[in-house]
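Hi,

Here is the structure I promised to pass on. Have a look at it first, and my notes on what turned up follow below.

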Amino acid sequence: MNGGDEVGGSGELPQPLDWRFSQVFGERSAGEEVQEVDIISAIEFDKSGDHLATGDRGGRVVLFERTDSKNASGARRDLEGTDYSLRHPEFRYKTEFQSHEPEFDYLKSLEIEEKINKIRWSQTANGALFLLSTNDKTIKFWKVQDKKIKKICDINTDSSRTLGNGSVASSSNSKTTNACLTNGGLPDKVNNSLSNDFSLPPGGIPLLRLPVVITTHETSPVARCRRVYTHAHDYHINSISNNSDGETFISADDLRINLWNLEISNQSFNIVDVKPANMEDLTEVITSAEFHPTHCNTLAYSSSKGSIRLIDLRQSALCDSHSKLFEDTETPSSRSFFTEIIASVSDIKFAKEGRYILSRDYMTLKLWDINMDSGPVSTFQVHEYLRPKLCDLYENDSIFDKFECCLSGDGLRVASGSYSNLFRVFGVSPGSTETTTLEASKNPMRRQVTTPSRPSRSLSSITRAVRRGAAESPGVDGNANSFDHTTKLLHLAWHPTENSIACAAANSLYMYYA
Amino acid sequence: MAMVDEPLYPIAVLIDELKNDDIQLRLNSIRRLSTIARALGEERTRKELIPFLSENSDDDDEVLLAMAEELGVFIPFVGGIEYAHVLLPPLESLCTVEETCVREKALDSLCKIGSQMRETDLVDSFVPLVKRLAAGEWFAARVSACGIFHVAYQGCTDVLKTELRSTYSLLCQDDMPMVRRAAASNLGKFATTVESTYLIAEIMTMFDDLTKDDQDSVRLLAVEGCAALGKLLEPQDCVARILPVIVNFSQDKSWRVRYMVANQLYELCEAVGPDCTKTDLVPAYVRLLRDNEAEVRIAAAGKVTKFCRLLNPELAIQHILPCVKELSSDSSQHVRSALASVIMGMAPILGKDSTIEHLLPIFLSLLKDEFPDVRLNIISKLDQVNQVIGIDLLSQSLLPAIVELAEDRHWRVRLAIIEYVPLLASQLGIGFFDDKLGALCMQWLQDKVYSIREAAANNLKRLAEEFGPEWAMQHLVPQVLDMVNNPHYLHRMMVLRAISLMAPVMGSEITCSKFLPVVVEASKDRVPNIKFNVAKLLQSLIPIVDQSVVDKTIRQCLVDLSEDPDVDVRYFANQALNSIDGTTAAQS
């Protein structure tokens with residue numbers, strides 16, 4: 001249960017990380033307008049960390065591959081091994097494809113946006129990459145494979161023609177169409193002549209030749225949609241998560257969580273349903289859900305009331321009763337109109353070994369130990385200086401922004417985003433005071449806070465509970481008075497094995513390492 | 001290069017289209033692979049076509065699936081059994097694709113080919129193939145490997161056998177759950193080929209590992225292995241090795257595992273024999289019947305009859321029946337429905353007295369269930385009970401409930417009852433039927449729902465067949481004909497429908513004397529729908545009645561209708577007239 005999660009471990013504190021800029025993709029030049037469709041809406045590293053996928057509001061998925069590892073799409077043993085050189089990860093553009101298109105639901109008169117809400121990588125197989133992508137309603141299973149470019153020549157019927165493999169060589173399209181047309185009408189003929197006692201000599205006909213396929217050494221990645229899982233969600237899908245059994249995944253919308261088999265796209269099982277008999281009694285919605293990284297029967301989901309529920313799929317077919325409930329019972333010092341709104345959990349993530357869960361609500365990051373349901377192990381203030389401005393944030397709807405969160409592969413640090421393209425990294429080891437503020441730009445340390453104060457223990461919570469960030473003087477977080485609510489850093493991901501973070505600022509993807 | 005000769009052209013096209021861009025054309029070519037092979041001849045098929053297929057296994061799944069299927073029956077085209085091994089390479093690469101259905105088809109074909117191969121070839125080429133797949137880099141290959149061990153194992157040398165067993169054991173411990181699942185689901189098949197000495201020593205060890213797997217999905221496939229392995233083991237070994245596992249599984253934390261046990265338990269009972277069934281499995285089954293997960297109870301309830309069949313009636317009454325009583329008022333309608341679909345089968349097992357004492361109250365309560373599926377499931381199996389408890393008792397106790405259902409709110413329930421009326425009638429006999437059901441049959445004819453009226457008309461026909469024209473003349477015809485004065489035209493139409501169905505059964509005489517006057521009268525109805533249905537009906541009566549009647553009555557009536565102001569009436573009248581002329585012409 002514990003293993004690699006070093007949160008609870010004792011020993012020397014890790015040194016605070018010195019973050020450096022690594023790469024940027026899609027950087028905006030000064031004054032350039034951001035196209036709505038180009039805004040990144042999902043980021044995810046694969047299990048090995050050799051690939052990174054981003055999704056955008058235009059329904060596209062862009063893949064990046066690591067350039068510094070020996071063999072990016074190499075043998076399975078290489079992928080499984082994570083013994084890399086000391087160089088920091090560097091990525092290059094691999095390919096992109098249109099995952100979702102805008103649709104219209106005629107029954108409900110609803111437009112379905114193409115925006116990619118989540119991307120999750122699946123098990124690599126046969127040297128091909130697999131991933132799930134979802135918009136509000138439809139989940140798709142993609143296979144991306146490097147295909148060797150093939151040429152076909154030496155045709156019986158007309159050897160002067162050389163057909164290119166249509167998926168690759170667009171220049172040969174016109175020829176291909178011709179070939180289809182001439183051959184297209186022939187199956188009938190074939191059937192006729194073969195049924196008309198067309199006798200074949202016993203030794204075969206020497207004139208006939210098989211097409212010759214010439215394989216070139218060039219490869220190009222080709223993405224193909226393998227399955228489409230649809231018509232299972234009445235509300236907007238907010239999460240998808242693969243199971244460790246390698247055959248199932250879940251999808252969660254506001255009120256329900258469904259369980260799918262990857263190979264079966266026409267049925268799913270409803271495993272959580274929080275829809276009240278009367279919608280007027282609705283007080284709480286599901287905001288995020290994730291499978292335990294190793295226990296195939298455990299999953300967690302968060303709610304708009306700030307709670308996290310752990311459910312055990314073994315207990316019953318419809319898991320309406322949770323097996324564990326995590327709530328911050330600590331009453332906030334000052335209740336206000338906004339207390340409930342900002343309590344809503346926008347994202348949860350299991351740590352690698354599954355003992356800890358990280359959750360993000362509007363103002364804080366909380367780390368929970370699944371063996372301790374009395375309260376979070378630690379709480380980190382992400383942008384406490386905004387508390388006096390909640391009213392403004394409510395008025396411009398920013399208070400409903402859903403920030404994601406992530407954990408480092410070693411479980412020693414957590415990160416989440418804020419406004420003005422800032423994101424913060426916190427050390428979670430007991431006693432650690434590491435708190436770094438970075439800006440998604442080529443100079444991330446521009447607004448670095450150098451003097452984090454000692455963590456102040458909150459009196460009411462148990463021993464290890466630590467509250468940090470709150471004690472910082474307002475304004476330390478850079479230009480607190482002039483924060484920009486339009487440049488928000490919602491999506492970010494931590495490399496699974498190294499200290500490297502990818503984060504999205506509007507249409508740009510920034511990568512940092514330490 | 002010159003074009004091929006004209007007669008060869010179709011085959012040349014077929015071959016070229018193996019690589020066409022249009023998937024439909026490629027599919028078409030692959031489906032006619034045997035034609036291509038015959039055109040090329042055996043030798044070139046072996047040396048060119050098969051290698052060509054092996055190299056081009058990155059096609060669409062549909063094409064690969066078709067290829068996998070074709071290759072399974074390809075032995076004659078490569079020159080017979082001694083060349084069967086050349087088919088292995090393309091199938092081997094199909095076994096490694098990620099699409100499950102392609103792999104499964106390729107495995108099927110490999111099994112087909114492997115089982116025909118000569119033993120030397122098996123050792124030389126099939127066994128190395130199994131070993132290669134089992135050591136495959138990606139999980140898809142290893143998953144496939146699990147499915148062909150049983151073919152490779154037979155006819156191997158002892159050394160190779162030992163190697164295969166240890167390879168299989170490695171697959172059972174693979175770090176990918178998919179591979180362990182494949183190993184678990186194929187273990188039973190593999191075990192059937194393994195010598196009994198190794199069964200206990202090695203196979204059971206693998207089995208034990210799989211039953212302790214931390215992935216539910218692996219454990220629940222191991223449940224299936226229980227029954228298969230149980231049948232292979234000596235009874236005492238089975239009791240010692242399998243029984244504790246089953247009992248454990250029946251209390252597994254995961255409801256899915258318990259669900260599998262509930263589905264499989266009666267098979268396991270056969271494997272362990274009656275004594276252990278009594279002492280160990282009955283309590284396990286009772287637990288499953290009382291499981292707190294509805295899905296498990298559904299599975300268990302659905303097997304209650306099969307399970308009881310393995311027990312003696314006393315045991316069934318003592319242990320199972322109390323659970324059945326509880327299930328009949330289960331909170332889940334699906335559980336009750338599953339129970340209702342099988343519970344009638346328990347009547348012959350328990351015998352008359354116990355059925356009356358114990359089952360009848362359950363039948364009655366299920367017949368009154370608020371959920372229509374439950375009621376339907378009971379009604380559809382009534383005949384099984386009849387054989388046991390006899391008609392008198394059935395009629396006394398069950399019939400009132402059935403009569404109640406005949407007036408059920410849900411028309412589908414009424415429909416189901418109507419469909420069983422002829423069966424009931426034949427079982428109850430004329431006398432009984434008249435008292436209780438006769439009136440209902442007429443009532444249905446005036447139901448609000450068309451499907452019910454239609455079914456009721458059909459029912460009349462089947463009753464007439466069952467009890468004969470004379471009875472029908474007395475008990476059905478007058479009531480039906482009375483309805484012709486019903487103020488609602490849809491009900492009057494039902495009379496016509498009933499006549500058209502009953503006329504062939506009743507015969508010419510009654511048709512002429514009773515039906516025809518009513519029909520002719522109806523042709524003067526004010527509603528056009530009635531009139532053109534009269535035309536259609538008259539047409540159907542033509543073959544039944546004498547030619548003289550046709551000429552005298554029917555033709556005149558149709559001629560009148562053919563001058564009707566309504567276009568549809570004229571159309572059907574003319575159609576009927578044409579058919580009269582047609583038959584007359586044919587006769588003359």
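A:Glu284 and A:Arg309 form a salt bridge in this predicted model, with their closest N and O atoms 3.3 Å apart. The pair links distant parts of the chain, 25 residues apart: A:Glu284 sits in the loop between β16 (264–273) and β17 of chain A, while A:Arg309 belongs to strand β19 (residues 308–312). A:Glu284 has a relative accessibility of 19%, so it counts as buried. A:Arg309 is buried too, at 16%.

That's one of 55 salt bridges over all chains.

Over in chain B, the side chains of B:Glu48 and B:Arg44 meet in a salt bridge at 3.0 Å, N to O. They are 4 residues apart in helix α4 of chain B, so about one helical turn separates them. B:Glu48 is partly exposed, with a relative accessible area of 30%, whereas B:Arg44 counts as buried at 17%. There is also a network of salt bridges that share partners, and it joins A:Lys143, A:Arg226, A:Arg227, B:Asp61, B:Glu98 and B:Glu99.

Now for the pockets and cavities. The second largest pocket has a volume of about 1200 Å³. Of the 43 residues lining this pocket, A:Lys115, A:Phe400, A:Asp401, A:Lys402 and A:Leu490 are the closest to its centre. By class, its lining has 16 nonpolar, 12 polar and 15 charged residues.

A:Tyr394 lies in helix α5 (residues 390–395) of chain A and counts as partly exposed, at 31% relative accessibility.

As for cavities of 30 Å³ or more, the count is 5. The largest cavity has a volume of about 70 Å³, and its lining comes from chain B, including B:Leu18, B:Ile30, B:Phe52 and B:Met67. Helices α4 (42–55) and α5 (61–71) of chain B each supply at least two of the lining residues. The lining of this cavity divides into 6 nonpolar, 1 polar and 2 charged residues.

Cheers

Key: Residues are numbered from 1 along each chain as its sequence is written. Chains are lettered from A and ligands numbered from 1 in the order in which they are written. This is a predicted model: local features need pLDDT of at least 70, side-chain atom pairs count only at pLDDT 80 or more; totals for chains, interfaces and linings use all residues. Side-chain values use heavy atoms; hydrogens and water are left out. On a 1 Å grid over the protein atoms alone, a cavity is a set of points where a 1.4 Å probe fits but cannot get out, and a pocket is an open set with protein on both sides within 12 Å along at least five of seven lines; lining residues have an atom within 4 Å of a point. Grid points are joined across faces, edges and corners, and a volume is the space filled by probe spheres set on the points. Ala, Val, Leu, Ile, Met, Phe, Trp, Tyr, Cys and Pro count as nonpolar, Asp, Glu, Lys and Arg as charged, and the others, Gly among them, as polar. Buried means under 20% relative accessible area, exposed over 50%, partly exposed in between (1.4 Å probe, protein chains only). A salt bridge is a side-chain nitrogen of Lys or Arg within 4 Å of a carboxyl oxygen of Asp or Glu.
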